[in-house]
Amino acid sequence: MLSIIIVIAIIVLSIILAGIGAYVVIHSTEEKEEVKPVIDVSGQYAVVVRPARESLTAVKPSEASLRSWLETQEQLSTEDREAYIRNWNATLEETIKTIDEGDKNGIATYRVEIGEKGKKYCTFINEDNFITREQIRNHAEILPPYVLGCDCRLLPKQPWENPSKAGWKAIMPTHGSSYDVPDWRQLA
């Protein structure tokens, strides 16, 4: 009789331990599946890149920095200062949107359309320029806006635009790995 009770106790204990083990395994698997890092891909060959917003905010001045510098420009009215900030933010958002859409559509090259105001400041860019997605990943400072009031825009470089490769010029670093990007503390 005692041996039957011991066997039953062992079986019940085994079932309980198996249930606890299954519970632990199931819940640890769910936790691992929930923690999935977001990976952003670029281009046809899926190079892992930082999101455009993260790249640009790392190298472009913050709105607080813009406001602080604009406050030192006594010749500007409050409305002018706000207009410069709105223009800067709109250009920055347009650049981010262009890159994000390009990443979704497999665009690997872009060009900067130099506006009339930007010609004075953007001497590091040729009219027939192009920028690769890898350059953007490594040197987001080469993206517009460049100065306050800048009217340059980033556009995808489409294959049918200027099909002659001789017509496109890469934006090249001038001092090893740095670009002659203008200081943003200027008014266009």
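In strand S5, proline 156 is the bridge partner of tyrosine 110. The model is predicted, with local features needing pLDDT of at least 70 and side-chain atom pairs counting only at pLDDT 80 or more, while totals for chains, interfaces and linings use all residues. Residues are numbered from 1 along each chain as its sequence is written, and side-chain values use heavy atoms, leaving out hydrogens and water.

**Exercise 1.** Find the bridge partner of tyrosine 110 in S4 and describe how S3 pairs with S4 and S5.

*Solution.* Strands are DSSP runs of E, at least two residues, and helices runs of H or I, at least four, numbered from the N terminus. Pairing requires at least two DSSP bridges between two strands.
- Step 1: isoleucine 131 is the partner of tyrosine 110 in S4.
- Step 2: S3 and S4 (residues 129–132) are antiparallel, with two bridges.
- Step 3: S3 and S5 (residues 153–156) also run antiparallel, joined by four bridges.

**Exercise 2.** Work out which residues of helix H2 (residues 52–59) are buried, and what they pack against.

*Solution.* Buried means under 20% relative accessible area, exposed over 50%, and partly exposed in between (1.4 Å probe, protein chains only).
- Step 1: Ala52, Ser55 and Leu56 are the buried ones.
- Step 2: down the axis of H2 they fall within an arc of 90 degrees (taken from the directions from the helix axis to the C-beta atoms), so they line one face of the helix.
- Step 3: this buried set packs against H4 (78–105) and H5 (133–138), with contact meaning heavy atoms within 4.5 Å.
- Step 4: Thr57 and Ala58 are exposed on the face turned away.
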